[in-house]
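Here is a short note to read alongside the model. Take the points in order and find each place in the viewer as you go.

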Amino acid sequence: MTTQWDPQQYERFKTYRDRPALDLMVQIPSDLQPREIWDIGCGTGEHAALLALRHPAAHAHGLDSSVQMLETARARPGGVDWVEGDIAAFDPPTPPDLIFTNAALQWLPDHAALFPRLVGKLAPGGVFACQMPMTFHESWHVQMREVAAEGPWADQIGAVRSVQPLGTTAEYHNWLSPLAEVDIWSTTYLHVLAGDDPVVEWMKGTGLRPYLQGLQDDAAREAFLAAYRARVDAAFPKQPDGTTLFPFPRLFMVARRH
């Protein structure tokens with residue numbers, strides 16, 4: 001089942017979602033003068049458009065499997081080539097000088113094969129720049145899977161595949177170092193969220209999408225969300241000022257092809 005994305009819901013927390021992509025972007029080597037750029041899992045296209053602006057002599061492409069996200073991307077000005085497609089089948093006709101991917105590859109399995117394959121697509125001296133949420137083992141994802149598997153809706157969504165567990169930093173290094181010079185680091189961002197049920201609202205834009213889509217009617221979705229909300233509210237109580245603190249770990253890597 002292909003996940004249906006909602007660009008408006010995804011961008012409700014735009015400032016927090018953008019920062020890791022921008023933090024990754026500034027780590028791209030300054031001497032790189034790319035001619036072919038691919039943003040894979042480009043979503044609404046903002047970062048592909050920014051890379052195109054930063055490198056006006058390059059051919060910039062944005063790849064995503066979501067029709068809804070690409071509709072938003074195609075409304076952006078600039079000369080980005082927007083492509084509907086699956087990252088797992090990514091096979092560009094010209095070796096890229098830059099593959100940029102922000103918060104996308106955590107949805108795909110078998111990183112031991114996927115990551116070397118992607119880096120292997122680069123031109124010599126090309127750069128693979130990647131950021132992924134490290135959320136599979138975080139409480140709000142564990143609780144989501146538990147609620148899906150334990151409720152009366154388990155036969156509909158108990159086996160839904162959401163984000164995947166990531167490898168260790170050593171594993172990514174060992175997978176990529178035969179092909180590239182690799183820099184890997186992690187950061188935990190402390191998001192200070194406002195409003196009611198902000199963690200649930202955040203998840204409705206990302207990890208919850210396959211579960212909500214798999215439920216057959218609105219009543220089941222509301223019951224599932226109520227059960228999930230009860231667990232998340234207990235794990236993320238409001239602060240005295242009414243905000244909710246949401247620590248969010250992310251993994252980064254920049255690999256330059258030998």
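In which helix does Leu50 lie?

1. Leu50 belongs to helix α3 (residues 46-54). Helices here are DSSP runs of H or I with at least four residues, strands are runs of E with at least two, and both are numbered from the N terminus. A word on the source: this is a predicted model, where local features need pLDDT of at least 70, side-chain atom pairs count only at pLDDT 80 or more, and totals for chains, interfaces and linings use all residues. Residues are numbered from 1 along each chain as its sequence is written, and side-chain values use heavy atoms, with hydrogens and water left out.

2. Leu50 has a relative accessible area of 33%, so it counts as partly exposed (buried is under 20%, exposed over 50%, partly exposed in between, with a 1.4 Å probe and protein chains only).

3. Now turn to strand β5 (residues 127-133): 7 of its 7 residues are buried, so the rest of the structure largely encloses this strand. In a regular strand, side chains alternate between the two faces of the sheet. On one side of β5 sit Val127, Ala129, Gln131 and Pro133, on the other Phe128, Cys130 and Met132, and all are buried.

4. For landmarks, look for Phe100 opposite Ala129 of β5, and for Pro133 opposite Arg250 of β7.

Definitions and conventions: Two strands pair if DSSP finds at least two bridges between them.
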